[in-house]
Amino acid sequence: MSARELGQPTILRDAAPLTCEEVAAISHGRARLALGATARAKLENGRLIVRQIMAKGEHAYGITTGLGALSDVLLEPDQMVQVSRNTLLSHACGVGEPLHAAETRAIMVALVNDMCHGYSGVSPAVIGQLVDFLNHGINPVVPSQGSVGYIVHGAHIGLALLGIGDVEYVGRRMAAREAIAAAGLQPIDVLPKDGLCLVNGTRCLAGLSCLGVVEAARLADWADIIAALSFEALKGQTDAFDEELLNLKPHAGVVAVGKRLRALLKGSEVIAHFRGHRTQDALSLRSIPQVHGASRDQLDHARKQIVIELKSATDNPLVLGTPDSYRVISNAHPHGQSVAMAVDLMALAVAELGSIAERRIDRLLNPATSGLPAFLVKQPGVNSGLMIVQYVAASLAAENKRLSQPAVADNYVTSAQQEDHISLGTPGALKALKVIDNTRRILAIEYLCAAQAIEFLPRLGLGQGTGAAYRRLRTRIASVEQDRYLSPDIALIEKAMLEPDWLAEIEASLR
């Protein structure tokens with residue numbers, strides 16, 4: 001069902017670029033997209049410049065010449081349309097499982113956002129078709145593998161606009177031409193430069209990284225909440241979160257996480273009861289501000305790079321000026337180095353949230369470190385309790401370690417040495433999204449374990465935030481009295497962590 005049919009809000013792409021949150025909202029089908037008058041005027045201006053270049057027969061990369069290593073091959077007028085269509089056909093050679101619908105849509109939104117700067121020279125009909133696809137819920141089936149930073153994913157999307165290939169529509173996979181007709185649309189034709197516009201730039205990387213940075217920010221909030229609940233269950237000593245103390249290490253993230261932890265634990269009778277229980281806590285507890293805070297600082301840096309990319313025109317060539325006074329400039333703006341580095345950093349920052357969470361899970365389940373029954377069950381031995389969920393968390397953390405190796409530091413030569421340095425940003429963004437999924441599951445396991453540990457504490461009041469988190473979980477999942485099938489519990493928590501209302505309710509308790 002389309003966003004239009006659901007009556008969802010409309011986000012306008014006009015003079016200002018879209019935000020990360022707006023890209024994510026449209027990608028997930030929570031809003032529809034519309035173009036404003038300023039964006040339409042910029043698109044038309046850019047296209048008129050391309051027409052002038054063609055009319056004058058100027059030598060302009062990708063407009064009147066071939067592509068890549070064929071950039072010195074001049075085209076005849078009748079070949080310019082042919083090469084645009086051929087670009088999509090030849091470049092659509094991706095492999096592997098398809099992208100998730102939200103990932104494909106994010107790339108489509110980023111395509112629209114970038115080309116609405118007006119410097120690509122794309123035909124307005126291409127943008128109109130992309131917007132119609134988004135608003136009608138026509139999602140091209142795009143293989144996930146094959147991009148070194150750009151090209152392949154955009155080519156598959158571009159073919160779908162022409163009615164070539166498969167799409168997902170109304171809950172099933174079908175031929176693109178069939179879906180276009182069912183939605184009351186028409187396939188389009190690509191004109192000179194349109195094919196290049198669709199495969200060029202950093203749109204794949206920008207769209208996917210928007211999904212990542214928005215979800216990573218949500219995970220950082222959840223990590224603080226769940227860590228605070230574990231801290232409480234493990235009788236933590238809050239001196240390590242002292243405001244004056246943390247201001248002596250004034251990284252913004254450290255100070256912010258310390259403030260959140262104090263708010264989450266405010267009024268906790270458990271914390272008060274166990275004050276002085278030990279001299280100091282293990283690092284996975286007392287360094288929550290330092291570790292979570294460092295991740296937040298790196299995520300903030302990554303977001304800044306992504307926001308700048310959304311403000312950027314990333315085609316090659318770019319057309320500047322007006323039809324009466326213009327320049328067409330070959331350039332390297334499609335190189336995604338800045339965002340490629342940012343998504344590698346994003347993966348590392350999120351992986352660390354999962355790594356320290358796995359250590360807290362181990363402490364919760366180990367009677368030697370928790371002072372609670374082994375594996376948080378009343379009859380350990382006959383029951384294994386939550387023993388094996390820590391194995392799962394360890395496996396996910398180990399996978400995150402592998403995925404956190406930087407993609408951008410690698411390099412390959414493409415296009416007969418014409419493109420001899422590449423960012424590998426799109427593979428980097430996809431692995432960052434995988435790290436985010438893994439870390440959400442680790443945190444879901446910690447949430448399950450921390451709430452279970454609370455069952456074995458004296459019946460004392462929890463903190464204002466941790467109490468809200470515990471009570472909300474218990475509305476969905478009962479405590480573990482004896483061994484039971486745990487995968488559904490973990491999956492339910494993971495799904496709930498994606499629900500805005502659940503997180504908002506806990507955050508509201510801190511005000």
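**Talking through the labels**

Modeller: Start with helix α7 (residues 152-161): 10 of the 10 residues are buried, so this helix is largely enclosed by the rest of the structure. Keep in mind that this is a predicted model, where local features need pLDDT of at least 70, side-chain atom pairs count only at pLDDT 80 or more, and totals for chains, interfaces and linings use all residues. Residues are numbered from 1 along each chain as its sequence is written, and side-chain values use heavy atoms, with hydrogens and water left out.

Biologist: Why is histidine 292 called buried?

Modeller: Buried means under 20% relative accessible area, exposed over 50%, and partly exposed in between (1.4 Å probe, protein chains only). Histidine 292 has 1%, so it counts as buried. This histidine 292 is part of helix α15 (residues 288-310).

Biologist: Which side chain makes a polar contact with the side chain of histidine 292?

Modeller: That of aspartate 224, at 2.8 Å. The cut-off is a pair of N or O atoms within 3.5 Å; within protein, one must be able to donate a hydrogen and the other to accept it, and residues adjacent in sequence count only if both atoms are side-chain atoms.

Biologist: How do you know that β6 and β7 pair?

Modeller: Pairing takes at least two bridges found by DSSP, and 4 bridges join β6 (residues 166-169) to β7, so they qualify.

Notes. Helices (H or I, at least four residues) and strands (E, at least two) are DSSP runs, numbered from the N terminus.
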